[in-house]
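Reader: Please take me through this model, one topic at a time. I would like to begin with a single residue.

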Amino acid sequence: MGEMILFAIVGVLVGFSKGGLGGPVPVALTVPLMTFIIDPQIAVALVLPLLIFADIFALYFYWRQWDRHYIALMMAPGLIGVVLGALVLHAIDAVTLKRVIGGLTLLALAFKVASDRFASLAYQPRTWHGYFAGWASGFGSTLANVGAPPFTAYLLLQPKMTPRRFVGTTTLFFAVMNLTKVPGFIALGLFDYDRLLSIAWVFLLIPPAVLIARTLINHINQQVFELLMMVPLAVLSIYLLLFS
């Protein structure tokens, strides 16, 4: 029963995130939560189909709202990051991966806390910054679903980046990254197909969670909601990092 409740929470968090409520923070919670009941490699792989399904709704809401320049700049390095991330995910043991997930998630939180200050920095754009942001995002996304911080930080520093274009660019980039993970995860044997079939009902929770998020986004304080997500995320991350 406890496992079913946990999977239900994960499905709702994925729907909330893809519906625009809380940005990437709810998704970052999913893998740390699941590591309490299953191996971290399996947790990362199980969340992926849920993300891909939820990406369909996010793409619908932000179709063609992305910036082609930044997509082209960061896509190839991002794909390289996905490949390297999948190889590392397969190679390291469960205890080490839990600590890596905890460390990467804490780093993601630090980026999130600092992100509001990025737009005000005196910044000189460099092409390699985009390459690095794309690679780091693909790598972090593959290892622990925490690829958004470097991508977000880079976009926030760009001139004339409107909120809708920002969200649209982020949506398309990570939708492609998530699809790209599938062949590698299959080839490396990371999918637990029996367990995936056993939680197929979680997919049914995602569409209503997306719709609820789209409704709530205009009626609640986003910063307060993100803080509510960040506190347990910080606690889980510290636990994984220090006590795994």
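Author: Tyr239 is partly exposed, as its relative accessible area is 40%; the partly exposed class lies between buried, under 20%, and exposed, over 50%, for a 1.4 Å probe with protein chains only. This is a predicted model, in which local features need pLDDT of at least 70 and side-chain atom pairs pLDDT 80 or more, while totals for chains, interfaces and linings use all residues. Residues are numbered from 1 along each chain as its sequence is written, and side-chain values use heavy atoms, without hydrogens and water.

Reader: In which helix is Tyr239 placed?

Author: Tyr239 belongs to helix α11, residues 222–243. Helices here are DSSP runs of H or I with at least four residues, numbered from the N terminus.

Reader: Which residues form the nonpolar patch on the surface?

Author: Phe36, Ile37, Ile238, Tyr239, Leu241, Leu242 and Phe243 make up that patch, and their accessible area together is about 660 Å². A nonpolar patch joins side chains within 5 Å, each residue having over 30% relative accessible area and no salt bridge; areas follow Shrake-Rupley with a 1.4 Å probe.

Reader: And how far is Gly102 from Tyr239 in space?

Author: Their C-alpha atoms are 7.4 Å apart, although 137 residues separate Gly102 and Tyr239 in sequence. Gly102 sits in helix α5.

Reader: Is Gly102 buried or exposed?

Author: Gly102 is buried, since its relative accessible area is 0%.

Reader: Turning to electrostatics, how many salt bridges does the count come to?

Author: The count is 4 salt bridges, each requiring a side-chain nitrogen of Lys or Arg within 4 Å of a carboxyl oxygen of Asp or Glu. One of them pairs Glu3 with Arg195 at 3.1 Å, N to O. Glu3 is in helix α1 (residues 2–18) and Arg195 in helix α9 (residues 193–198), so this bridge ties together parts 192 residues apart in sequence.

Reader: What relative accessibility does Glu3 have, and what is the value for Arg195?

Author: Glu3 is at 34% and counts as partly exposed. Arg195 is also partly exposed, at 23%.

Reader: Which other residue forms a salt bridge with Arg195?

Author: Asp192 does, with the closest N and O atoms 3.8 Å apart. Asp192 is partly exposed, its relative accessible area being 24%. Through shared partners, Glu3, Asp192 and Arg195 are joined into one network.

Reader: What about Asp55 and Lys18?

Author: The side chains of Asp55 and Lys18 form a salt bridge of 2.7 Å, N to O. This pair links distant parts of the chain, with Asp55 in helix α3 (residues 40–61) and Lys18 in helix α1, 37 residues apart. Asp55 and Lys18 are both buried.

Reader: Which residues lie nearest its centre?

Author: Phe111, Phe132, Ala136, Pro149 and Pro150 do, out of 19 lining residues. Helix α6 gives the largest share of the lining, 8 residues, and the lining divides into 17 nonpolar, 2 polar and no charged residues.

Reader: How many residues of α7 are buried?

Author: In α7, 8 of the 9 residues are buried, among them Pro149, Pro150 and Phe151. Helix α7 (148–156) also supplies at least two residues of the pocket lining, as do α5 (94–118) and α6 (127–144).

Technical notes:
On a 1 Å grid over the protein atoms alone, a cavity is a set of points where a 1.4 Å probe fits but cannot get out, and a pocket is an open set with protein on both sides within 12 Å along at least five of seven lines; lining residues have an atom within 4 Å of a point. Ala, Val, Leu, Ile, Met, Phe, Trp, Tyr, Cys and Pro count as nonpolar, Asp, Glu, Lys and Arg as charged, and the others, Gly among them, as polar. Patches are made of residues with over 30% relative accessible area and no salt bridge: like charges are joined within 9 Å, nonpolar side chains (Val, Leu, Ile, Met, Phe, Trp, Tyr) within 5 Å.
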